[in-house]
Amino acid sequence: MAKATSRFVCQKCGNVTNKWAGRCDTCGEWNSIVEETPLAQGPSGKTIGTSRGRKVPLSDLSSKEAPPPRTACKIDELDRVLGGGLVPASAVLVGGDPGIGKSTLLLQAAAAFARAGLKVVYISGEEASAQVRLRAQRLNLTDAPVKLATETNLRDILTTLDEIKPDLAIIDSIQTMWADNVESAPGSVSQVRAAAHELTSFAKRRGCAVFLVGHVTKEGNLAGPRVVEHMVDTVLYFEGERGHQFRILRSVKNRFGPADEIGVFEMTGGGLAEVKNPSALFLAERGEPAPGSVVFSGIEGTRPVLVEFQALVAPSPHSQPRRSVVGWDGSRLAMILAVLESRCGIPFAGLDVYLNVAGGMRVGEPAADLAVAAALLSAREDAALPAETVVFGEISLSGALRPVGQTENRLKEAAKLGFSTAILPTGGKARGSKSMKLIQMSDLAGFVGEVFGAG
């Protein structure tokens, strides 16, 4: 067999070229191009995972070959994000910042799935066995029937998994795995791509569900080639601010359930504890009504969540005013400020604007536009909104207010937490409880005049 020719791969973006260069033409990164050998035969003369599956016509699929039902681990927040439980033969990628609690979450999940009757193997490539056992003792999981291994060689891992035939394998982490048929360092683009491909193929071929832990870059994206996210069935992000005890497990891709679903956890000394009512938790530290504080009724996946937007508007000592945002889209804040100035005649020139979502929550839906505008106006005019008021709605560039989806669920969640007034756009299915007063607005100028007496 002819020897495979070498290729040069950018370790930053995965771009492949035929010759070496000091700077990648695709991403512009310097000294990131490394010579690598394409996927070929390993030292033993056999490619990892060479067995082929049999062809099954769709018309011949019988009920006996239907996949078994999902397995719930009784950690309700995790089951919710997975779409109702673990699907056999599925590949799940879990990413998050260093020290956020990924290993803790998956060790608790491994114990929960093992107690639910699954054969679980936890493979750590970052810690020694004694270190994993030490964490298990701290989490009171020493009695869980989980098999533990510490290995980074992909061939040895697949051989072992093929022998013991587990129902769930947890790989912590994919960046530490290395395939001996790929001549590059562990964590490189080629190694991550090869390891993810082989583990995903093993999951589909053997019916074993696989959890892969992935590192993230400083921008917050999963490290390695983007193709890894396309290979797996589910991509989960474990988010949270270091200064807060709350952790949010967010689904950004799920072939077996709703995307953008969230599960809320609280980091405690005994591990991660579930938060059954995240709305009450995010609003627990909210005191008396203050200027710039507005409660937004949002939807995360299928769950309504109430969070507090906090704004601060102050005179700027600089020629270029600051625009600082935490937990929301900064470009959307600039759009809201432009609409307020152009359509309502309320300028923010010469004023520093700070916007924060309390509790470490990240909000991405456009329905928060009206709540942000209300928080900015409240801070600018030094006028607090009533404490029992929730606000939601989308703002267009013309200044019109657009109705948003799942209005009834938003209003029901607000009423359940004791809110009596809701400000929302005109139109849509705006039907709340009998005890809730609905104030519907058609445009932003009317909202400013009605609530703040200006515009």
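Which strands does helix 9 (residues 369–381) lie across, and at about what angle does helix 9 run to strand 14?

1. Basis of the note. This is a predicted model, in which local features need pLDDT of at least 70 and side-chain atom pairs count only at pLDDT 80 or more, whereas totals for chains, interfaces and linings use all residues. Residues are numbered from 1 along each chain as its sequence is written, and side-chain values use heavy atoms, with hydrogens and water left out.

2. Overall make-up. The protein has 11 helices and 21 strands, where helices (H or I, at least four residues) and strands (E, at least two) are DSSP runs numbered from the N terminus. Of its 455 residues, 47% are buried; buried means under 20% relative accessible area, exposed over 50%, and partly exposed in between, with a 1.4 Å probe and protein chains only. Among contacts (heavy atoms within 4.5 Å) between residues at least 6 apart in sequence, 67% join residues at least 24 apart.

3. Helix 9 and the sheet. To take up the opening question, helix 9 lies across strand 13, strand 14, strand 16 (351–357), strand 17 and strand 20, and runs at about 35° to strand 14; axes here are lines fitted to C-alpha atoms, for helices over the stretch in contact, and angles run from 0 to 180 degrees between N-to-C directions. These strands belong to an open sheet of seven strands with mixed pairing, in the order 15-16-14-13-17-20-21, two strands being paired if DSSP finds at least two bridges between them. Strand 15 (323–326) and strand 21 are the edge strands, each pairing on one side only, and neighbouring strands of this sheet are turned by 25° against each other on average, direction ignored. Within the sheet, strand 13 and strand 17 pair in the parallel sense over two bridges, and Phe296 stands opposite Val391 in strand 17.

4. Helix 10. In helix 10 (residues 407–416), the buried residues are Thr407, Arg410, Leu411, Glu413 and Ala414. Seen down the helix axis, these residues fall within an arc of 160°, so they line one face of helix 10; the arc is that of the directions from the helix axis to the C-beta atoms. They pack against helix 7 (278–282), strand 13 (293–300), strand 14 (303–315), strand 17 (389–391), strand 20 (421–425) and strand 21 (437–441), while Lys412 and Lys416 are exposed on the other side of helix 10. Just after helix 10, Gly418 takes a positive phi of about 95°.

5. Helices 2 and 3. The axes of helix 2 (residues 102–115) and helix 3 (residues 129–138) come within 11 Å and cross at roughly 70°, which makes helix 2 roughly perpendicular to helix 3 (angles of 65 to 115 degrees count as roughly perpendicular). Ser103, Thr104 and Leu107 in helix 2 meet Val132, Arg135, Ala136 and Arg138 in helix 3.

6. Backbone points to inspect. The peptide bond from Asp172 to Ser173 is cis, with omega near 5°, and Ser173 is found in the loop between strand 7 (168–172) and helix 5 (189–206). Asn140, in the loop between helix 3 and strand 6 (146–150), has a positive phi of about 60° although it is not a glycine, and Asn140 is exposed, with a relative accessible area of 61%. Asp260, in the loop between strand 10 (246–254) and strand 11 (262–268), likewise has a positive phi, near 65°, and counts as partly exposed at 44% relative accessibility.

How values were computed
Parallel < 35°, antiparallel > 145°, perpendicular 65-115°, else oblique.
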